[in-house]
Amino acid sequence: MQPDKIIVADDHPLFRQALLETLRSKLTHTQWLEAENVNELNTLLAENTDADLLLLDLNILSAHGFNTLIHVRRHFPQIPVVVVSAYDDVDTISSAMEHGSSGFVPKSTPVETIFLAINEVFSGNIWTPPNFSAQTAQSGKSDIAERIASLTPQQYKILMMFAEGLLNKQIAYDLHVSEATIKAHATAIFKKLNVRNRTQAVITLNELDLSGTAFETELSASK
């Protein structure tokens, strides 16, 4: 059996197209859906809840480390995730598996092996690099992950827009709602994350960034 539908979320066109070209030749009956940023991914997930698999680059545009993976596993638990990442250190792999990934494939992996990983996960198994041995996660960030996961899809989207430095009125315009609605969402987000303001909320979000990829965003909070 072959997967009916796979979503590929990666913002590097050359890598994504090379990967798809090879996999399409092996999975000839599979429908492939592509996303190059978090917004496109969220739209595809909402419209394709029957997808068999998600191939996710942790550093997809607008992502913040493991937050996208955590969000997907919370709101689309029926879709297995295989992380495809340029990072292949033990801590990153361990954290990805801890946050619910069913597989982890370094981008340096030959496509044949990626195909093997897809088959393993589609069959209900777990796949990690052969030289990886599960270790106790050292991040100590499970509490933060739970708080991020508690956000609704709309709250998560607004938090991402906070991270981009958008003002409440800009977010309201983009989401076609009132500024009062955004403020209400902000209050709920702060409560769930146990923070007091936008700056602290984004700091919490960035606690789950990948090693060496911390985001330095200056926020101008709307009052």
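I started at Leu54, whose bridge partner in β4 is Val81. The model is predicted, so I keep to its cut-offs: local features need pLDDT of at least 70, side-chain atom pairs count only at pLDDT 80 or more, and totals for chains, interfaces and linings use all residues. Residues are numbered from 1 along each chain as its sequence is written, and side-chain values use heavy atoms, with hydrogens and water left out.

**Sheet**

I looked up the strand pair next. β3 (residues 53-56) and β4 (residues 81-85) run parallel over 3 bridges. Pairing requires at least two DSSP bridges between the strands. Strands are DSSP runs of E, at least two residues; helices are H or I, at least four; both are numbered from the N terminus.

I then read off the whole sheet: open, 5 strands, order β2-β1-β3-β4-β5, parallel pairing. β2 (31-35) and β5 (103-106) are the edges; each has a single partner strand, so one side of each lacks a neighbour in the sheet. Neighbouring strands are turned by 20 degrees against each other on average, direction ignored.

I checked α4 (residues 90-98): this helix packs on the sheet and touches β4 and β5. Its direction makes about 150 degrees with that of β5. Axes are lines fitted to C-alpha atoms, for helices over the stretch in contact; angles run from 0 to 180 degrees between N-to-C directions.

**Asp57**

I found Asp57 in the loop between β3 and α3 (67-75). Asp57 counts as buried, at 3% relative accessibility (buried: under 20% relative accessible area; exposed: over 50%; partly exposed in between; 1.4 Å probe, protein chains only). I listed its contacts (heavy atoms within 4.5 Å): Ala9, Asp10, Asp11, His12, Val84, Ser85 and Lys107, not counting residues up to four places away in sequence.
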